[in-house]
Amino acid sequence: MSQSPFTLQSFKYSDDRLEILNQLLLPHTIEYVEINSVEEAHDAIKSMKIRGAPAIASLAALYVALYLKRSLNTAPAPKFLASTESLVADITTILDYLYTARPTAVNLGAAMRRLHQALAASLAAAEDVQSATRRLIKEAEDVSNEDVGRNKEMARLGGEWLIEQVKQRGGDGKELNVLTVCNTGSLATSGYGTALGLITYLHEIRHLDKAYYTQTAPYHQGSRLTALELQTLQIPSVMICDTMVGSLFQHHSIHAVAVGADRVAKNGDTANKIGTYNAAVLAARHNIPFIVVAPVSTVDLDVPDGSRIPIEHRPPVEACIIHGALYPGIEDDKAQAVVMFTPKGLTGIYNPSFDVTPAELITAIVTEKGVAVKKEGEQQFDLSGIV
Ligand SMILES: CSC[C@H]1O[C@H](OP(=O)(O)O)[C@H](O)[C@@H]1O
């Protein structure tokens, strides 16, 4: 259950065990860490040992499932399993705590809300505590189980849409070059990925020439994580520094930019990894389609536009350090290093983790339900029909 067939799995889950791949140690060290308490789950998300909007939602939900399964197997039963009401009280505290781990990615909030709703349904149906617990375990596991299937669907829909777009622009739709930002692959999801899933799909159907990706400072999701995923999948790829997007567009034929999302507002404004907005501005300047690929659960109809999306600011020190391995000697796991490349004691550091790309710069928003485009002459999307 919830075991991904992919080489790089952001987590492993079984009936009595939940482990995450510590992404702070990638790409040089593959180390899975057990998650055994709500504090460890919260810390893993907050410290970005696990990251990526869908992956953190899955991890939080699976922690709840694990906690409940272990509790059912404990003798004597823990006090909170005395009644459905005490179950609701206990789990509500856990859900509300996990929800605070990271603020921008709406998937985490949506997953926690989904589990709140399962509890409410159990109360409304006057279910006994055993039934309510089993309902909640299933709902929590479904959060993760549903992810891979929908990722494959949006990858296919987005890939086919792009091929058609390129043909309409006079190309043959083959040998496509696609730029992406950050990491949106198996490491950011329960498997296959969103924007990186689209790129993988194009590769699988032999329509991809190369995947380009930005290093994505300061956490370096591109150079540490996307690089590893593309290498593992043997997808031809080229890494660029974040500052090179304009140069890439001037000197190479790039057919699309495909990115993931942490939250998409009702009008299509999209919060994604810092640097996404830069790429979108440059894509518009070069008339390159800019595609957002994200599950429906990333669309937040309660937020009318991007100005209302909460933007996480990471600790300043994270913009001053790089995780890696000592060079030379990168074959040695013990050579893991965190290097500070700014003067000690530096102050005045701006470190937002996300930016918001306005809908007017986005060509298409791809979800598992379809490809949304703006109506002729309009600057905003109407996403009300897809959620
Ligand atoms: C598959 S969506 C991944 C999404 O998460 C990233 O953020 P972070 O690494 O900070 O969790 C980024 O914005 C990606 O698009």
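The C-alpha centres of domain 1 and domain 2 lie 27 Å apart. Domain 1 covers 11-147 and domain 2 covers 149-386, with bounds from an automatic or database domain assignment. Residues are numbered from 1 along each chain as its sequence is written. The model is predicted, so local features need pLDDT of at least 70 and side-chain atom pairs count only at pLDDT 80 or more, while totals for chains, interfaces and linings use all residues.

Where do the domains touch? Helices here are DSSP runs of H or I, at least four residues, numbered from the N terminus.

Now the helix pair. The axes of H2 (residues 53-72) and H5 (residues 129-168) come within 8 Å and cross at roughly 150°. Axes are lines fitted to C-alpha atoms over the stretch in contact, with angles from 0 to 180 degrees between N-to-C directions. That crossing angle makes H2 roughly antiparallel to H5, a term for angles over 145 degrees.

Which residues meet? Among them are Ala57, Ala61 and Leu68 in H2, and Leu136, Ile137 and Ala140 in H5. The residues of this contact divide into twelve nonpolar, three polar and three charged. Nonpolar means Ala, Val, Leu, Ile, Met, Phe, Trp, Tyr, Cys and Pro; charged means Asp, Glu, Lys and Arg; the others, Gly among them, are polar.

Note on methods. Helix = DSSP H or I, 4+ residues; strand = E, 2+ residues; numbered from the N terminus. Parallel < 35°, antiparallel > 145°, perpendicular 65-115°, else oblique. Contact = placed C-beta atoms within 7 Å.
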